[in-house]
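Trainee: Could we go through this model together? I'd like to start with the packing.

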Amino acid sequence: MLHDREYVNKVLELTKDVEFISNSKFSTSQLIEIGVPPSKIHLKYFGVEQQNVDSLIATRRERSGPVRLLYVGRLIDFKGPVRLLKCFERLRAQGVDATLTMAGDGELSGACEELYRNSSWQADITLLGALDYKQVQALYEHADVFVNFHHRGELTNREEAFG
């Protein structure tokens, strides 16, 4: 268990007076695991409207060209942006025709920019920085795969809930 018993007890005490908004199925499962009743939990994805995802899947057209990978999120350790860039390097080295677009900003921006500058696949990587909601929605419409890691950050020991 990530949190100590005192913290868990405080969360469970809240269930008498509040309902929870969870940002992912993973976070929901963690709340249920500590004893929060499922009826007290409402799932609301951050930044990704579920109907848009369903619509994109339903309307995905066959096309030629590289697979378009998309990362949208803060550039922080437990979201894995550095890991993603390294994985993309390996993917391209193995001959997979792909592009990677990354939108976001954060404490690992410098590390991501350095990996980009030193990449053999620089022409296939786009680092956009922070974008507004409409700009991100346009990116989703043109991507084939949304990439987001689920792992524990090496620096913060925090775990990504949405990956």
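Trainee: Leaving aside neighbours within four places in sequence, what is Leu-100 in contact with?

Mentor: Taking contact to mean heavy atoms within 4.5 Å, Leu-100 is in contact with Leu-69, Leu-84, Leu-85, Phe-88, Asp-124, Ile-125 and Thr-126. Bear in mind that this is a predicted model, where local features need pLDDT of at least 70, side-chain atom pairs count only at pLDDT 80 or more, and totals for chains, interfaces and linings use all residues. Residues are numbered from 1 along each chain as its sequence is written, and side-chain values use heavy atoms, with hydrogens and water left out.

Trainee: And which residues have the most contacts inside the largest nonpolar core?

Mentor: Those are Leu-84, Leu-100 and Met-102, in a core of 15 residues. A nonpolar core here is a set of buried Ala, Val, Leu, Ile, Met, Phe, Trp, Tyr and Cys residues joined through side-chain atoms within 4.5 Å, and buried means under 20% relative accessible area, with exposed over 50% and partly exposed in between (1.4 Å probe, protein chains only).

Trainee: Switching topic, is Ile-76 buried or exposed?

Mentor: Ile-76 is buried, because its relative accessible area is 10%. Leaving aside neighbours within four places in sequence, Ile-76 is in contact with Pro-81, Glu-107 and Leu-108.

Trainee: How far apart in space are Ile-76 and Thr-156?

Mentor: They are 9.1 Å apart, C-alpha to C-alpha, although 80 residues separate them in sequence.

Trainee: What about cysteines: how many disulfides are found?

Mentor: Zero in the whole structure, counting a disulfide as a pair of cysteine sulfur atoms within 2.5 Å. Cys-112 is buried at 1% relative accessible area, whereas Cys-87, at 30%, counts as partly exposed.
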